[in-house]
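Colleague: I'm new to this one. Could you take me through the metal site, step by step?

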Amino acid sequence: MDSVSSLLGSIEDVGRDPSRGGYSRPVFSTAELDLRSWFQQEAGRRGLEVETDRNGILWAWWDPARSGNEAHDGDSRRGALVTGSHLDSVPGGGAFDGPLGVASALAAVDLLKARGVTPHRALAVAVFPEEEGSRFGVACLGSRLLTGGIDADAARNLKDADGVTFAEAARAHGLDPAHLGRDDEALGRIGDFVELHVEQGRGLIDLKAPIAVGTSIIGHGRWKLTITGQGNHAGTTLMEDRADPMVAAAQVVLAIRKTAAATPEARATVGRIQPVPGGTNVIASRVDLWIDVRHPDDATTAALVESIHGQAQKAAAFEGCTAALTQESVSGTVTFDAELQRQLQLALPGAPALPTGAGHDAGILAAHGPSAMLYVRNPTGISHSPEEHVEPDDADLGAAALADVLERLL
Ligand code: HGY
Ligand code: MN
Ligand code: MN
Ligand code: MN
C-alpha cells in the first residue's frame, strides 16, 4: 500500500519546467503522456481495468460484478461511483493540482481493499484531459466533450500556440477525432462523482483543518482581447505618429484591475499577453491578451466583461487602435449536489464546508448528476505556482477521507 506522497514522489521529475519553476504538463505532451502511463501502471498494479474513452478520458475500473460476459452482466458499470481528477497542469504549476486527486484515489483503493470492502457497485478512477485548458485554451475540455458542453467541431478546431489543432493532437495519440464529443454511454456510467483536490486558497489554513467538503464553484470564464495597431520601426517612428497596441494593452490591464477591485467578490486576471511580432525594436502591430473573469453571480461576471470590453475599445481608440473581444469558455456558478454533500459530511464528521474560486471537472459534471469535492489543506495557500504544497500527513488524511467517503457510497 503506497502513501500518497510516495505515489506523487514517483512522478516528481515528470514535466519539471526549469525555465518557469514547477511543472509544465500540457495535454498530450510527453510529460502528460508519461503521467498517463504512470497512472495505467499504478491502476494495473491494483487490479483495476483501464480503458481510454473516445475523448481521451482514462477510466480505471474496480468492477467485482463484471464476469466478462456482457450478455449476462449487462452493463455492470452503469451508475458507478467515480472519483478522480486530472494530470495536466498550468505552465509552471505545482505538483498537486490534479495529481493529488488521482494519487489519492489510487491510495483510497488500497485502503478499501485493505479494509476488505467489496463494492456493491462498480468504482472507477477517472483522469480527465486538458482540465487546465493550458494548451488548447478551454478549461475542462475533456469533461466538456464527455458531457457535450462544447461543440465537437469547435473542439476539433481548437489550436495550440504552434497551430496544432486538438483533432491533430488527439489523432496523434490514438483517438479518432470524428468520435470526439458527448458520450452518453460513458456519462451513464457516472452515478456519483467525487473529486479530491488540493485547496487552492487559504480556507483550511485559517480554519486549522486538514480536509474540507466543497460546497460550490464560482462562475468563471476566459476571453481573448485582440488590440490591433500599426506595426512600425522603433527608431524611425515619432511618438506622435504611433498607433501602438502595447500602450492600449497597458491601459486595459490597469482598467481590468480597477474594475474588478471595485466589485466585491470579483476576480479578473491577465496572465498571458502576446505582442505580435514581438521584437524589441518593433512597435507591435497587434497584441493578444487573455482575460480570466470570475464572480459568484453570473450576471455580475457578464457585466464585468461588458464593462472591460467598453473600456478596452475606448483605450484602443485613444491610441489609434481597435479592440475585439471573443469568449473562449464560460462556466456558471455551480452548487454541488446537496444529498451527496450530506453523505460526505456524514462520512467526515466535523469537516468544514468551503466554496472555491477554482474550476474543476467536478463542476462540469455537476450539471449531469451528483457531483461533490473534497479539499486537502495547502499550507502555502498558493496554487498555479511551484509554491503549491501539501504536507505528507495531510495527503494521507485526504486519501483516508476519500476512502471513508467511497466506502460509504459503495
Ligand atoms: O482555472 C481554474 O480554476 C482551474 O485550476 N482549472
Ligand atoms: Mn485542478
Ligand atoms: Mn488548476
Ligand atoms: Mn533594422
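Modeller: Let's begin with a term: buried means under 20% relative accessible area, exposed over 50%, and partly exposed in between (1.4 Å probe, protein chains only). This is a predicted model, where local features need pLDDT of at least 70, side-chain atom pairs count only at pLDDT 80 or more, and totals for chains, interfaces and linings use all residues. Residues are numbered from 1 along each chain as its sequence is written, chains are lettered from A and ligands numbered from 1 in the order in which they are written, and side-chain values use heavy atoms, with hydrogens and water left out.

Now the manganese ion (ligand 3): D97 (OD), E132 (OE), E132 (OE) and H384 (NE2) coordinate it at 2.1 to 2.8 Å. Donors here are N, O and S atoms within 2.8 Å of the metal (3.2 Å for Na, K and Ca), and since water is not among the atoms, sites may look incomplete. E132 sits in the loop between β4 (123-128) and α5 (141-147), and H384 in the loop between β15 (371-376) and α14 (392-409), so this pair ties together parts 252 residues apart in sequence. Helices (H or I, at least four residues) and strands (E, at least two) are DSSP runs, numbered from the N terminus. E132 is buried at 6% relative accessible area, while H384 is partly exposed at 41%.

D97 also coordinates the manganese ion (ligand 2), and the two ions are 3.5 Å apart. The manganese ion (ligand 2) has H86 (NE2), D97 (OD) and H197 (NE2) around it, at 2.1 to 2.2 Å, with the spacing H-x10-D-x99-H along the chain. H86 and D97 are both buried.
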